[in-house]
Amino acid sequence: MEQMTLDVGQSLIGAIQCEGCGMTYTHGEPTDEATHVKFHQRLLSALKFPGWKNERVIQEFYEGSRILVVLPHEKLFMKKVNAIRILMDEDLGFVVESKNLQNSKTFLYISPDHQVVACCVAEIISKGYRVLSPDSSPMKSPNSSLPRPWCCSNDAEPARCGINRIWVLSSQRRQGIATRLLDAVRNHFIMGYQLSRSELAFTDPTPTGKLLASTYCQTSQFLVYKLGGR
Amino acid sequence: MFEARLAQGTLLKKVLEAIKDLLNEATWDCNENGMSLQAMDSSHVSLVSLTLNAEGFEPYRCDRNCSLGINLASMSKIFKCASNEDSITIKAGDEGDTITYVFESPNGDKVSDYEMKLMDIETDHLGIPDTTYSCVVKLPAAEFQRICRDLSQIGESVTICCTKDGVRFSASGDLGSGNIKLAQNANVDKEDEAVTIEMQEACTLTFALRYLNFFCKATPLSPQVTLSMSNEVPLVVEYKIGEMGHVRYYLAPKIEDEADS
């Protein structure tokens, strides 16, 4: 037997999405509510960032946000970064734990209310491959609104900085945070050298990541590279 | 300014007992006609609709409509401080975020007052559709309470089957099953003990006993309870509060899971 619920025009009914953590759950369903509370707590505790004494701030913004950089040998700081990485990997759909982050720099975006809202891991690479534009792709999808298969060229091109992963908290998207992060990466990844947008390459992006990469590089034929191989 | 005095304070105490286990907090809407409350429990399976008419209070004064968000558990705790013979006065100013309860003993030599913080509760307007029910059963409230309590020993849900001859309550569980059948009897001498059935169409419905047991907390309010049912719509359990109002509980039925059958 299934217990029905009443619908008398209340605003909270059925599936609702939490504004804080972005989880969708059924209001009033005990197991759903409990799972949500657990998830919400875990997310908030991982994202909480009261600040570090000797943090390396590379950029500050007028509204109070700041960008930090963490190097892989800073063991204590990396603990926090790893907690964020787990969340980020779940969100982005990474299944393999990439162990080799020795040549990487992690950039954290801290909001004025002491939360990590975005994170970017950049690493040194030497070559990237250009994404083929959808028109030249042999497989044409009949419905253009659906994501269609896409591929990259076989010819390597020089690149200097690989965006291993970039992630913004779902409730904070569409505010230009990722763009700010990428600007900071370009300015601070290599000491004393400003990377140009064309020297960035991305790992296989998600649909929203692809949108970001093509907007940021001002071309839909941006560079990609394979995770792990450089 | 809102002020309402009830000489029979025990009635308000009983009302609180009837709703405080189902609802943690609720908004009392006060206007010139009286006080009312509508709220759902947190799981949205049941709804409570309570009305207390202005005529029942002496005096009743409500200068302008107001909504009082109240933590019912706290309110019930405070009302436990009132003796059964005391009169209860509820006061709330137009501005300010507190409500005051005054308890006066019958001969007026003891007056106690308690102040409580009001809450900001987000409330939706709940629209309860008017429905004509195919079966309306009236039975002694104590009898209904007994049935719900007994059957909750057997199982977690009760199937109510209403026919011309009577109404049958049945439950089954791990240890076995149980049936209680009440026949219609119109006892003229003892009106309070009558079982009456008004029926257009026979109906069979299943409900969670957990909620019915919460509803039975209203038993001291009224000698008789009215159950209104139609197939596949919520059940209404109504207790009259003397001449001054009523408390109605709506309960969503349990329906056979299509995947299981």
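In strand 17 of chain B, Val236(B) is the bridge partner of Ser228(B). The model is predicted. The pairing of strand 16 of chain B with strand 17 (residues 235–241) of chain B is antiparallel and runs over four bridges. The two strands form a hairpin, with five residues between them. Glu232(B) sits in the turn and has a positive phi of about 60°.

Strand 16 of chain B also pairs with strand 10 (residues 135–140) of chain B. This pairing is antiparallel as well and comprises six bridges. Within it, Leu227(B) of strand 16 is the bridge partner of Val137(B).

The side chains of a regular strand alternate between the two faces of the sheet. In strand 16 of chain B, Gln224(B), Thr226(B) and Ser228(B) point one way. Val225(B), Leu227(B) and Met229(B) point the other way. Residues on both sides are buried. Strand 16 (residues 224–229) of chain B is largely enclosed by the rest of the structure, because six of its six residues are buried.

A charged feature was found on the surface of chain B. Asp97(B), Asp113(B), Glu115(B) and Asp120(B) form a negative surface patch. One of these residues, Glu115(B), belongs to strand 9 (residues 111–117) of chain B. Glu115(B) has a relative accessible area of 57% and therefore counts as exposed, the cut-off for exposed being over 50%.

How values were computed
Residues are numbered from 1 along each chain as its sequence is written. Chains are lettered from A and ligands numbered from 1 in the order in which they are written. This is a predicted model: local features need pLDDT of at least 70, side-chain atom pairs count only at pLDDT 80 or more; totals for chains, interfaces and linings use all residues. Side-chain values use heavy atoms; hydrogens and water are left out. Patches are made of residues with over 30% relative accessible area and no salt bridge: like charges are joined within 9 Å, nonpolar side chains (Val, Leu, Ile, Met, Phe, Trp, Tyr) within 5 Å. Accessible areas come from the Shrake-Rupley method with a 1.4 Å probe; for residues, only the protein chains shown count as cover. A salt bridge is a side-chain nitrogen of Lys or Arg within 4 Å of a carboxyl oxygen of Asp or Glu. Lys and Arg count as positive and Asp and Glu as negative; His and the chain ends are not counted. The place of a charge is taken as NZ of Lys, CZ of Arg, CG of Asp or CD of Glu. Buried means under 20% relative accessible area, exposed over 50%, partly exposed in between (1.4 Å probe, protein chains only). Two strands pair if DSSP finds at least two bridges between them.
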